[in-house]
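Student: I have a structure open and would like to talk it through with you. Could we begin with how the chains meet?

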Amino acid sequence: MTTAVPHSYAYAFSSSLEVEPARCRLRLATSGGVEKFPYFFQGALVKPRLTALLLRALSKVVASRFHMPAMMLRRILAERDPVVTSGGGMLRFEGFSACCSAYARVDLTPDAYQGVVEGQGTTNVDFNHEMRAALAQIRDHETVGLAIGADEVTLLRGSDQIIERKVKLPVRWIKGFVEVQAYQARMLQRLRVGMVEALRFLRSLPKSAAGKATNWVTPSAGALRLTQRESPEGIRVGGVERLRVLEELVPHCQGLSVFADPAGEASEWVLHFGPLNFHLTITGDVWRGFSGEGQVLFDLASFAANRSEAFDLIRGMLKWQAELRGDEFSANWGLEASAIRQALSVLGSRGLIGYDLTRGAYYHRELPFDLSMVEDLHPRLKAARQLVGEGRVLILRSDFASAEAEVQGTGVAHRVRLSEDGDRCTCPWFAKHKDARGPCKHILAAQLTLNPDDSTDL
Amino acid sequence: MNREDLDRILRTGNAAAVRKFFAGMSEKERSGYAPFAQDWHDLLILNSRADWDEKAKLKLEERERIKHWRSLLPIAVLAGLATYSLTRIETLSLHWFSPEQLEDVVTVFRERRPPWLDQFSERFCEMNLPRWGGEASWRLVRRLVCEDLIPPPRHDHYVLGALHGIWPQTERGKPAPKLTDLLQNERDWLESDFWRLFEIEGYGDVSLAHSEKYGGRDWAAALLELAEAGVLSRDRLLDATLAALSRDFVQFRAGWYSRFHEQLKPTVAERKARRDTYVQILGSSIPPTVAFALNAIDILDHESPLAAKVLIPALEPALLARSKATVSSSLKIMERLAGRDPSAREAVCLGAMAGLLQENADVQKRVFDLLDKLGDPQSEALRTRLESYVQAVVPSQRSRLARWTPVEACAVSEERVAEVSITVHGPVSRIDPTRAVIPIQGFDDLLQFAASVLEEPGDPMNVERLMEGLVRLSADRPNDFDKQTAPLRRRAHKKFESTGRSRVYPLDRMIGVLILAWIEGDVAEDAWDLSPKLLGEFEFLRQRMANVADQIVSRCTLPLLSAPTHLGGWIDPEALVRRSLTWREAKREPDLFDQVLALLRLAPENRADALKAIKTLKGEFAEALKLALGGKAKTGPNQALWLAAWRSRCPSGDLPEFEAIHPKLGPDGGTAAVYSWAAERDERVYEGRTYYNLVLGTSIKPEWKKTSASGPCLPVLFHTPWRLGGNYASLLAGTGILWPANAEATFAQCLEALTMTVNYSDVADRELYVLVKRLGDPHCELRPMACLALALALAAHENGLRGFASDALIAAITEGRLDSVALGSVMSRLLETGFNPLCRWARGLREVARVSIGHAKAVGVLLINTLQGDSSNAPKDVGILLELLFELVSQTGVKLHDSTRKYLASIKTGGKTGRLARQLLEGG
């Protein structure tokens with residue numbers, strides 16, 4: 001099983017903060033994606049200090065691991081860089097923690113900068129130590145320019161040497177990118193508090209890892225409170241120490257919104273800063289990465305059989321539309337909501353879209369990684385296909401609303417029931433997780449048998 | 001020379017002969033010997049493992065046993081180094097070499113000079129330096145570098161490895177060489193890679209901070225000496241430390257750099273030259289680093305005042321710091337700035353307001369003092385900014401807002417809290433329909449549910465639901481029963497076998513047995529044997545589950561009398577009567593464990609109605625049930641049954657009528673258990689340091705003895721002594737719903753472990769979570785042992801446990817279960833021990849007080865009841881509790897008792913504690 005994919009970061013120069021007497025300029029180097037060295041933006045920051053703070057927080061998440069043996073960390077933490085997406089006037093910087101249990105994104109709306117968006121797409125961006133340290137120097141009264149990439153003239157004229165870094169990107173890290181949007185699209189806003197309450201809550205969090213107990217965050221007297229008691233209005237948050245990255249940012253924010261998926265498996269914490277937003281998305285438990293969640297497997301399994309015009313249409317529209325809203329598609333094109341949802345899931349699983357909760361929309365983002373090399377991106381789906389291929393699935397009964405199948409596992413046959421009320425399987429994996437972490441391979445195999453799928457290029 | 005010669009040389013263990021054997025050989029010739037060398041190396045490794053690894057021992061029987069493998073292994077490794085390819089060489093364990101054999105390795109490489117030596121050194125650093133024995137590996141790499149065989153490796157481990165590797169092995173008793181001398185001997189390293197120690201953070205036990213704190217190796221002193229001698233550049237050291245501090249290393253490791261920077265005693269001129277860097281470091285996310293930079297800025301500002309446009313934005317991160325000392329220092333600098341530059345007053349006031357986000361009355365007071373002194377109340381900017389901080393102002397300082405903002409704005413905090421204040425109400429009925437247990441619906445549900453409980457047995461109500469379902473549906477077997485249950489059967493067997501007889505996961509094993517009883521219709525002879533045997537209530541649970549398994553095997557679908565009808569383990573009395581009638585109609589008798597448990601689980605509600613319906617029931621159980629429901633009955637001969645009936649009726653009082661017939665059964669037999677406890681602070685000196693621990697002693701009357709009642713006499717069984725250990729969490733949860741009306745014995749059993757959690761972290765936390773969580777149950781009565789458990793858990797070292805305790809207190813206040821006097825007196829007695837960590841109470845209580853005005857009042861009253869008695873031995877941090885009380889008095893207006901006033905008046909210490917005591921006496 002592939003655990004890491006070789007990847008080469010090649011930057012035309014090293015990202016840096018160039019300080020001049022009257023102004024300074026944050027020059028970010030890019031690598032890969034639509035071009036070798038994409039050139040996205042040239043302009044100035046409206047809120048320089050705030051932007052710098054948010055970028056530092058992002059880099060802190062990317063450099064963090066909240067759960068993983070230290071030795072293992074050193075081997076995989078080979079300076080993975082965040083990615084930046086330019087589209088529809090938005091500049092989005094995003095990245096994952098090394099353990100894949102936390103995802104952070106900084107959104108710059110057009111009001112957050114003055115300048116010209118030169119290009120669109122997604123690319124890696126160099127966040128080296130020196131540049132990160134220099135971000136602390138930026139103050140609001142200064143004029144701070146921002147450049148993401150550089151035009152060809154500058155590149156040709158520059159004396160910079162190409163900086164190449166070969167790393168092994170953990171598969172789970174890449175998988176996190178394709179799984180997180182599936183959660184985000186399902187989340188609903190559950191709580192919203194002002195700056196003072198948000199700060200009070202974050203400062204009340206334990207300084208170290210919060211023990212073995214699972215926590216819930218509940219509204220309390222117009223503020224937030226951490227509790228160990230489950231409650232209907234509470235949001236389940238394991239590993240609350242992950243939220244501490246927000247503490248530094250909160251005094252500058254206008255408010256904090258908390259989103260959560262209905263099953264309580266993940267939550268997103270959004271700090272609003274007017275023209276900027278900082279998103280922190282975390283899994284329900286710190287030891288769980290987004291990579292293993294399997295939220296898109298159902299859609300992938302039934303995709304080939306149900307490949308609809310919605311998929312082709314949305315795929316085509318991505319070329320010229322930066323943001324997509326499922327309900328708008330439904331209304332404008334008369335397509336079924338389920339077909340749109342499935343198409344979006346499949347696009348997400350291919351690293352082609354992300355989801356912005358504050359705007360309630362998908363955005364076009366083609367990950368600058370070679371996903372074709374990750375043959376084990378969805379091992380459960382692969383195992384299900386193998387079960388089907390080996391003729392281990394026997395459909396016992398099937399009608400419009402439900403079906404029953406027997407799937408031969410290792411030494412024992414599992415009974416699978418598919419119905420609108422929820423699918424079931426007799427395997428231990430299902431007994432433990434139910435459908436909280438996506439379907440088990442037996443359910444997927446039964447589904448693939450009922451809806452044959454000749455696609456293997458996922 | 002051939003393989004036989006090499007074999008002979010390797011067996012004699014002669015390093016010189018190995019070197020001579022390979023001298024002058026080409027790479028091709030060497031690689032020809034590699035498989036042979038590897039085979040020999042593997043054989044020796046197998047010999048080394050055979051002492052402790054059974055598999056290796058078996059393998060070795062087919063091969064050769066080598067007696068002196070230990071002395072031969074380094075020579076085998078040497079042969080490997082002389083012959084292996086780069087890939088294969090990575091499998092060698094070089095830690096077999098002694099320092100004297102280092103020379104042999106170097107000689108082999110010198111003679112061989114393979115083309116991949118550079119790559120080897122990088123890989124070698126990555127793989128070997130962080131391992132045990134990495135010091136020797138670092139010395140080997142250094143030797144290769146010094147011999148010019150390889151360039152200095154770029155790998156971080158090469159830099160970090162020096163922290164330990166630079167020290168040579170010394171004979172015991174001989175003094176270790178001086179670090180300065182060792183560093184001088186490595187001049188090339190000192191001039192180059194040494195500086196990367198300021199760029200690489202390190203990890204675990206490999207960092208400058210760790211070497212200093214735990215290794216007893218004072219790098220700082222050596223570097224200072226070298227700086228003074230001019231060997232190391234002082235300027236570069238100052239810059240490098242600041243650069244390290246800008247890298248956001250973790251707090252512990254960053255601390256070394258800030259301390260070392262100060263040890264260099266930078267002059268004002270040197271600090272001035274680095275002013276921008278200090279300003280930059282003020283933005284660090286490491287609080288001590290911010291404090292360090294602030295100190296430097298303070299010095300600079302004293303000596304050479306900084307301009308407002310530099311200082312005010314620079315201090316912003318420090319004013320937003322979590323540490324109150326940092327915020328206070330920043331305010332001091334701001335005030336000084338305003339004093340020398342009147343034009344900056346408004347900017348200073350605007351900046352200083354960030355200090356209001358510090359939730360400390362002293363800091364906020366300082367901000368308001370500054371505002372009152374320097375600010376213009378007419379300033380629109382000041383008013384607007386202040387309004388955005390109104391929510392953050394602590395109650396004792398709210399009156400000061402009036403000068404700056406309209407009254408309505410000041411009152412916002414109070415209103416918002418009042419809006420959401422929780423009305424104190426009694427707990428919901430035990431048999432409220434919302435708490436009813438939903439029975440398993442049929443075979444499919446049972447199959448799924450059993451699989452789920454087998455994987456996650458933590459919830460005792462699920463275990464009860466499973467038992468009830470297995471009994472009721474035991475005869476419901478579809479045609480393909482075997483096929484459908486095959487996966488579950490396999491899994492249950494696996495669980496059963498993997499847990500063995502060990503008591504580490506006894507509940508997992510017992511659930512496995514129940515499921516197998518259902519599927520296979522049989523129970524293995526030794527299925528219920530656990531080693532060592534369970535005690536007390538745990539043994540009762542085991543016996544009860546064994547009886548249920550027998551009922552499942554016999555496919556008797558008559559209802560379990562003791563299956564809870566409602567959450568918390570309660571049974572609706574009317575349901576129990578109905579079940580009893582079903583058994584009577586079938587002319588059968590449930591087992592005694594089921595009867596006892598059913599009686600002890602009876603909810604107090606609805607008993608009178610149930611009593612009316614019982615009239616047609618006959619027999620000893622019916623009589624006992626009658627008694628339990630409040631009727632009249634003559635106590636019969638079955639002591640377990642009648643004890644259960646009496647204890648169901650009166651969970652915690654003496655039972656003279658029962659005692660007369662069944663005397664001296666033990667605590668909670670006919671005589672109710674009475675608990676007493678004493679706590680003290682234990683003081684121990686170890687290696688010159690004094691350590692304090694809280695020690696708690698408890699006793700019960702009547703005493704539990706080995707002759708006390710056993711078998712199914714459940715109330716007495718709860719007093720059988722046992723210790724937490726292994727994975728008792730799910731088992732403890734299971735016994736927690738055996739007698740829901742009285743948990744005092746369980747709390748008393750866990751007090752020792754709870755006391756340990758105040759002293760240390762990570763003490764059987766999972767088991768204690770279950771226990772403390774129970775305090776939050778709406779029907780858990782906070783009697784003396786429960787109060788003591790709650791007081792200890794509120795002071796626990798571990799966050800999770802403290803969180804459970806705060807939740808329990810919130811629930812107790814909300815549900816009107818809290819007796820502030822009872823809990824307060826327990827806390828007061830604990831406080832008298834003078835054990836300082838008990839002041840952790842303040843953290844949890846502050847959170848509880850925030851829930852609503854009602855909770856704030858309740859916490860205030862609780863603190864008033866706590867601060868009583870003798871203050872002469874109060875913990876040194878008692879001021880934290882006084883501070884909280886002062887805020888609560890300001891917020892809610894609760895009044896101090898005379899006894900609290902006496903306590904406060906007797907506080908003789910000065911400082912903040914004394915001041916707060918006086919303030920409370922004046923205002924409360």
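Student: How much area do chain B and chain A bury between them, and what share of it is on carbon and sulfur atoms?

Tutor: Bear in mind that this is a predicted model, so the values are computed from it. Chain B and chain A bury about 4,900 Å² between them, with 48% of that area on carbon and sulfur atoms. In terms of residues, 60 from chain B are in contact with 59 from chain A.

Student: And how many salt bridges and polar contacts are there between the two chains?

Tutor: Between chain B and chain A there are nine salt bridges, and 24 residue pairs are in polar contact, counting pairs with both residues at pLDDT 80 or more.

Student: Take the bridge between B:R322 and A:E247; where do the two residues sit?

Tutor: The closest N and O atoms of B:R322 and A:E247 are 3.5 Å apart. B:R322 is in the loop between α21 and α22 (324-340) of chain B, while A:E247 is in the loop between β16 (235-237) and β17 (255-260) of chain A, so this pair joins two chains.

Student: Are those two buried or partly exposed?

Tutor: B:R322 counts as partly exposed because its relative accessibility is 22%, whereas A:E247 is buried because its relative accessible area is 12%, and the cut-off for buried is under 20%.

Student: What about B:D480, which residue of chain A does it pair with?

Tutor: B:D480 forms a salt bridge with A:R415, and their closest N and O atoms are 2.9 Å apart. This pair also crosses between chains, running from the loop between α28 (460-472) and α29 of chain B to strand β25 (residues 413-419) of chain A. B:D480 is partly exposed at 27% relative accessibility, and A:R415 is buried at 9%.

Student: Changing topic, which residues touch the most other members of the largest nonpolar core?

Tutor: That core has 204 residues, and A:F93, A:W269, A:F278 and B:W219 touch the most other members. Helix α5 (residues 69-83) of chain B gives the most to this core, with 10 residues. Setting aside neighbours within four places in sequence, A:F278 is in contact with residues including A:L54, A:L58, A:V106, A:L246 and A:W269. There is also a second, separate core of 169 residues, which includes B:L454, B:A517, B:I552 and B:A748.

Notes: Residues are numbered from 1 along each chain as its sequence is written. Chains are lettered from A and ligands numbered from 1 in the order in which they are written. This is a predicted model: local features need pLDDT of at least 70, side-chain atom pairs count only at pLDDT 80 or more; totals for chains, interfaces and linings use all residues. Side-chain values use heavy atoms; hydrogens and water are left out. Contact means heavy atoms within 4.5 Å. Buried area is the accessible area (1.4 Å probe) that two parts lose on being put together, summed over both. A salt bridge is a side-chain nitrogen of Lys or Arg within 4 Å of a carboxyl oxygen of Asp or Glu. A polar contact is a pair of N or O atoms within 3.5 Å; within protein, one must be able to donate a hydrogen and the other to accept it, and residues adjacent in sequence count only if both atoms are side-chain atoms. A nonpolar core is a set of buried Ala, Val, Leu, Ile, Met, Phe, Trp, Tyr and Cys residues joined through side-chain atoms within 4.5 Å. Buried means under 20% relative accessible area, exposed over 50%, partly exposed in between (1.4 Å probe, protein chains only). Helices (H or I, at least four residues) and strands (E, at least two) are DSSP runs, numbered from the N terminus.
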